[in-house]
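Please read them with the coordinates open.

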Amino acid sequence: MHSSSILPNPFTIPMIVTASAELSDIEFGRIIHCYGLKFGLLRGYVANGSSFVYMYCKCNELRDADNMFDEMTVRDVVSWTALINGYVHNDKFEKGLECFREMHKVGVGDGEKPNVRTIDGGLKACGNLGYVLSGRCLHGYMVKTGNGYSQFVKSSLLSMYSKCGTTEDATISFLELDDKDLISMTTIIGVYARKGRIRECLDLFWAMQKSEIDPDEIIISCILSGLGNSKKVSEGKAFHGMIIRRGFKLSKMVISSLISMYSKFGCLNIAENLFDRLFERDVDSWNHMISGYSKLGLETKCFELFREMQQLRVEANKDSLVLVLSSCSGSPLIGRSVHCYAIKNGEDANISVANSIVGMYGRCKNLTAANRLFHRVQKDVVTWNTLITAYTHGGHSNEAISLFEQMISADVKPNSVTLKTVLSACSHQAALEHGKRVHSYIKEMGLEFDLSLVTSLVDMYVKCGELQLSRKIFDSMPKRDVISWNVMISGYGINGDANAAVELFQQMEDSGVRPNGLSFLAVLLACTHAGLVEAGKDIFSRMELYAIQPTLKHYACMVDLLGRAGYLQEAENLVLSMPIVPDGGVWGSLLACCRTHNDVEMAERVAKRAIELDPKNDGYYILMANMLNSMGMWEKAEKVREDMNKKGVRKKAGWSARE
């Protein structure tokens, strides 16, 4: 047309520019842009400007798209929509929403309103950002403007609510769809699978078959993923059997999902069989197997699989490295070799990998290496949390608290994980003033309703001896779980107020919160230290009401309680009636009580049993010998020492805190 000397008119430009956009031919598009400017084909023609905005966005040239849009003296809904969708298409979701708000604020000429394409762009931005409130506002706006009846917009609405994880809204959007196709079915099943609502996933799966919509590998993989996360082993195996019987294709994606599911179940034999049958293994299938071994604590197997990947020249990604590094806890050599691999392949610059390396050195007690790496890498809140956790778990609580102060000075906003870890460090050091500062951060950040965080706060005040303050916070909690009750009950026991511990335990029962084994242990310890024999016996007997089997710790606690109070025979009878074999700790507790009450006859019986169970424990011999010496039975005491020497048991050297 151009070579025939026929000049294009303003209606030609949008067609050829759109063709350039679809071909991603930015150079030809720029030539047309220059041509249009030269012959004045852009001024006053909104469609031409909009087509160039669309082309530049399509070719990922957002700055040129912005400039083109700014130069337009007249903008219609098409030009605004082109820019909004251009931002969203290029993952600039925040900019897309800002543009939508600006469009609504300034208005569009000739009374135009956002169309279904505009709203679709806004909904995609909200979904990808997880902005459910903005999405709901947009939902209301589209209903108000009459765009809510379009099947296209309804599908976009379902996608937005699904990405935001609001199950109820997604369900309503799905039910309002007139035509439920494979895409919408996949979307809603994905939502239910992520939320662990397996029954709904399976119901929809069967409904698809009745509607003659053939489930594809994506839907089957979604359900397998949901089953794996829910830990429903029998249902997972049944679904696996069903897809085999129904003849569904076991594609690479489905087999990889099966490997992931069985790895999460801990059924590694089945996962290994599937993995071995997989002809073409991608990095995800390798990662699923490494993850399964890691969860079971099989560190060596994780590293062996990682080495096999390298031998087969399967390029490990950041997820592979994070998984292997996370499993390294007692093998610093393995951890260092993975660190070297990450450096060699340029993955150490990835912040997730760097955080995992810092964590690995922390777990291996190499805090010097963890600290050195921490100061070299790009940091986010997880990096700070990782090193603070390493210091706390390594017994360096002061350094953990100091690092938290540095984090605040660096204007890095702590999250609930940070605050819980620092509260733990404050508890270990009884650092009350630091703990109070953390309490202030919790108030400032509006985290008073974070159950586990407030429970950690109660625990910190308990261990700092501030019982009244901890109880005040405990009473103000709108919701309490069994852990928060246990912390407060244990706090009273630690601080010697056994009556309050028993009373609080009864309140816990009255509130409808079911006590667990730790609840009973905490209140029994409180009774033991205060000598509340009857209360302890009553509480111990109530374990049966909750179908809780007493452990060795519960029995040792009861033996100690009875023995201290002088009920030695009752304590011995309890030990002899135990449904589990008593260990040296139980017999040792009874032996200590025999010495307290100078019952030599029982002490000799008990010592014999304790030594049989733990012949190398010098404490039993020394306790018995000292008891006999104190009662003037020197010959028997000497015989105990001789037996100790014959068996090669040596007294452990004592130590002083001053050394």
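1. Cys201 is buried, at 0% relative accessibility. Buried here means under 20% relative accessible area, exposed means over 50%, and partly exposed lies in between, with a 1.4 Å probe and protein chains only. This is a predicted model, in which local features need pLDDT of at least 70, side-chain atom pairs count only at pLDDT 80 or more, and totals for chains, interfaces and linings use all residues. Residues are numbered from 1 along each chain as its sequence is written, and side-chain values use heavy atoms, with hydrogens and water left out.

2. How many disulfides does the structure hold? The count is 0, where a disulfide is a pair of cysteine sulfur atoms within 2.5 Å. For Cys201, the nearest cysteine sulfur belongs to Cys222 and is 7.9 Å away. Cys328 is likewise in no disulfide; its nearest cysteine sulfur is that of Cys364, at 6.5 Å. Cys328 is buried, with a relative accessible area of 1%.

3. Ile189 has Cys201 and Cys222 among its contacts. Contact means heavy atoms within 4.5 Å. Leaving aside neighbours within four places in sequence, Ile189 also touches Leu204, Phe205, Met208, Ile219 and Ile223.

4. The largest nonpolar core has 204 residues. Such a core is a set of buried Ala, Val, Leu, Ile, Met, Phe, Trp, Tyr and Cys residues joined through side-chain atoms within 4.5 Å. Ile189 is one of those touching the most other members, along with Phe52, Ile223, Phe239 and Leu590. In soluble globular proteins, nonpolar side chains tend to be buried together.

5. There are 14 aromatic pairs. Rings of Phe, Tyr and Trp (its six-membered ring) pair if their centres lie within 6.5 Å; planes under 30 degrees apart count as stacked, over 60 as edge-to-face and the rest as tilted. Phe205 and Phe248 have ring centres 5.9 Å apart and planes at 55°, so this pair is tilted. Phe205 sits in helix α12 (residues 198-210), and Phe248 in the loop between α14 (233-245) and α15 (252-265), so the pair ties together parts 43 residues apart in sequence. Helices (H or I, at least four residues) are DSSP runs, numbered from the N terminus. Phe205 is buried at 0%; Phe248 also counts as buried, at 19%.

6. Which geometry does the pair of Phe275 and Trp286 adopt? The pair is edge-to-face, at 5.0 Å centre to centre with 85° between the planes. Phe275 belongs to helix α16 (residues 268-277) and Trp286 to helix α17 (residues 283-295), so the pair links parts 11 residues apart in sequence. Phe275 is buried at 4% relative accessibility, and Trp286 at 1%.

7. The test is NZ of Lys or CZ of Arg within 6 Å of the ring centre and within 35 degrees of the ring normal. Lys379 places its charged end over the ring of Phe374, 4.9 Å from the centre.

8. Phe205 and Phe248 also belong to one aromatic cluster with Trp206 and Phe239.

9. Helix α5 (residues 77-89) is mostly covered, with 10 of its 13 residues buried. The buried set includes Trp80, Leu83, Ile84 and Tyr87. The cover includes α3 (46-58), α4 (62-71), α6 (93-106) and α7 (116-129). Just after α5, Asp91 takes a positive phi of about 65°.

Key: Helices (H or I, at least four residues) and strands (E, at least two) are DSSP runs, numbered from the N terminus.
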